[in-house]
Amino acid sequence: MRHIDHFMAGPTGPGTGRKHQVWDPSIGKVQAEVSLGDAELLDRAVENAKKVQPAWAMTNPQRRARVMFRFKQLLEDHMQELAELLSSEHGKTVDDAKGDVQRGLEVIEYACGIPHVSKGEYTQGAGPGIDVYSMRQPLGIGAGITPFNFPAMIPMWMFGMAIAAGNAFILKPSERDPSVPVRLAELFLEAGAPEGLLQVVHGDKEMVDAILDHPDIPAISFVGSSDIAHYVYKRGVAAGKRVQAMGGAKNHGIVMPDADLDMVVNDLCGAAFGSAGERCMALPVVVPVGEDTADRLREKLIPAIHALRVGVSSDPEAHYGPVVTPEHKQRIEQWIDTAENEGAEVVIDGRGFSLQGHENGFFVGPTLLDHVTTAMESYREEIFGPVLQMVRAKNFEEAVHLPSAHQYGNGVAIFTRNGHAAREFAQRVNVGMVGINVPIPVPVSYHSFGGWKRSAFGDTNQYGEEGLRFWTKVKTVTQRWPDGFAEADNKDAFVIPTMG
Ligand code: NAD
């Protein structure tokens, strides 16, 4: 059986002996096992990082950028290999996996601009002979704890910015698909990064707790489900650390009566069912405004959903592949049971779906639920599967209220031809990322990513300028060079009128 180990600069030590199974979700078989680390292993990684970080922080930003440029090139060269590896452990299609790598690569591209984006601020003449400047300095050793659903993109959101800014980085990826994060670290080394600058330690709660309690890790970025995000945030902050912790989501797509329904149906098929719905920016709730809009939309949605092709992750024709584990498949099917018991209409039922020739794979058929209400638990909680719930709104006001009142506030979209409705919606909705006729409004790398409410704990977003802020601290220097410091014998040469 293939074994996946930690990626560290030095020896990993005796280890815990604990392992976690890694599935191939398309065939429902265990394909590898990954070592799970503990506090002692983390100590070793931290000691390795301490050896290289000070010199890296002193390396001028152009040189740091050159490593990022080379890494970006290696990502492009290895795109197919990375996508296939990712797809085989996660279950998303190879094309989709390329998107995962590509979105991370774009953050690396932004990080290539570190000399420009990390320039400080300067005020000349803040007082008589006084100038003030501020600089951004790295924090030291940063850590990232990442979810299974974007094993390439999310680690790169974090280490791309942290390392470019002069930090060392310890990544604790999801134990469910750990191979790509290790491969990224290998490529980063190949790009010229010093050994120990980026290390990967595998683990579960034990390792996460060790990271949260480690006195030499001042900053932690987490992405995962909300209860764990909240736990990480509270424990990390209590230990005096800087923490950003992104959580779950339940994104709504508002469909106004004037929307182009063919476009909406096409967008919903991608945004609700792509990657088997295992995206924090998926659109699992559609909110048609008015009964007539709902009926027209439903009529067009049904054949489009029936036409979706579910296949193994290597099937180039497949619209989406299996979900990540057998437990997750079971949980999604239980949510459909719950919705039905709560009174939702199961219009298209994906339970019990079996793919011919791959009967053991973790497939869930596309599911459409209508007449879902806000009282239902299946509406309030995240399902994270290929399940689209329709909540019918009476009017625009109710459509703004639904996502605004929901416990999650990651993303939202509105589909309309009316600029005024779109503008009002974007202004008023209580959600962090808004799409206007854009179903998955993940901001480009030079903006930044972050939800509101229980979708994110902490103050700064991921990547872009916000990412740089998170991974650095500001030092501000107020300087004065008063007259009279000159040597007595050449005083005349130093007679300089001072700017007031
Ligand atoms: P998860 O919360 O199960 O795991 C995330 C990380 O936490 C993993 O590294 C895991 O090892 C660790 N972990 C698991 N249990 C833990 C525990 N009890 N204590 C400490 N650490 C623990 O999340 P997941 O299932 O891997 O990912 C899916 C979730 O992530 C969904 O809720 C999704 O919405 C969310 N997500 C959010 C964003 C965002 O940016 N808001 C992006 C992607 C995914």
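1. Lining of the largest cavity. By class, the residues that line the largest cavity comprise 7 nonpolar, 3 polar and 2 charged. Here Ala, Val, Leu, Ile, Met, Phe, Trp, Tyr, Cys and Pro count as nonpolar, Asp, Glu, Lys and Arg as charged, and the others, Gly among them, as polar. The lining residues are A249, N251, G277, R279, C280, A282, P284, E382, I383, F384, G385 and V387. The space in this cavity is about 80 Å³, and the count of cavities of 30 Å³ or more comes to 4. The search runs on a 1 Å grid over the protein atoms alone: a cavity is a set of points where a 1.4 Å probe fits but cannot get out, whereas a pocket is an open set with protein on both sides within 12 Å along at least five of seven lines, and lining residues have an atom within 4 Å of a point. Grid points are joined across faces, edges and corners, and a volume is the space filled by probe spheres set on the points.

2. Basis of the values. This is a predicted model, in which local features need pLDDT of at least 70 and side-chain atom pairs count only at pLDDT 80 or more, while totals for chains, interfaces and linings use all residues. Residues are numbered from 1 along each chain as its sequence is written, and side-chain values use heavy atoms, with hydrogens and water left out.

3. P284, one of the lining residues of the largest cavity, sits in the loop between α10 (261–273) and β12 (285–288). Helices (H or I, at least four residues) and strands (E, at least two) are DSSP runs, numbered from the N terminus. P284 counts as buried because its relative accessibility is 17%; buried means under 20% relative accessible area, exposed over 50%, and partly exposed in between (1.4 Å probe, protein chains only). Not counting residues up to four places away in sequence, P284 touches K250, N251, V387, L388 and Q389, where contact means heavy atoms within 4.5 Å. From P284 to I383 there are 99 residues in sequence, but 8.3 Å in space, C-alpha to C-alpha.

4. The two domains. Which domains does the assignment give for the protein chain? They are domain 1 (2–247 + 455–477) and domain 2 (252–436), with bounds that come from an automatic or database domain assignment. Their C-alpha centres lie 31 Å apart. In the contacts between them, 19 residues of domain 1 meet 25 residues of domain 2.

5. The largest pocket. The volume of the largest pocket is about 950 Å³. Its lining has 34 residues, and R176, G224, S225, S226 and I228 lie nearest its centre. Domain 1 and domain 2 each give at least three residues to this lining. At least two lining residues come from each of α8, β9, α9 and α12 (326–342), and α9 gives the largest share, 4 residues. By class, the lining of the largest pocket has 13 nonpolar, 11 polar and 10 charged residues.

6. Helix α8 and strand β9. Which residues of helix α8 (residues 205–213) are buried? They are M207, V208, D209, A210, I211 and L212. The elements that cover the buried residues of α8 include α1 (39–58), β6 (141–145), β7 (168–172), β9 (219–223) and α9 (226–238). In strand β9 lies S221, which counts as buried because its relative accessibility is 0%. Leaving out residues up to four places away in sequence, S221 touches A143, G144, I145, M158, Q244, Q462, F470 and W471.

7. Backbone points to check. Most residues other than glycine have a negative phi. N437, which is not a glycine, has a positive phi of about 55 degrees. N437 lies in the loop between β18 (433–436) and β19 (452–453) and is partly exposed, with a relative accessible area of 30%. K453 also has a positive phi of about 55 degrees although it is not a glycine. K453 is in strand β19 and is partly exposed, with a relative accessible area of 26%.

8. Cysteines. How many disulfides does the structure hold? The number is 0, a disulfide being a pair of cysteine sulfur atoms within 2.5 Å. C112 counts as buried, at 7% relative accessibility, and C269 counts as buried at 7% relative accessibility.
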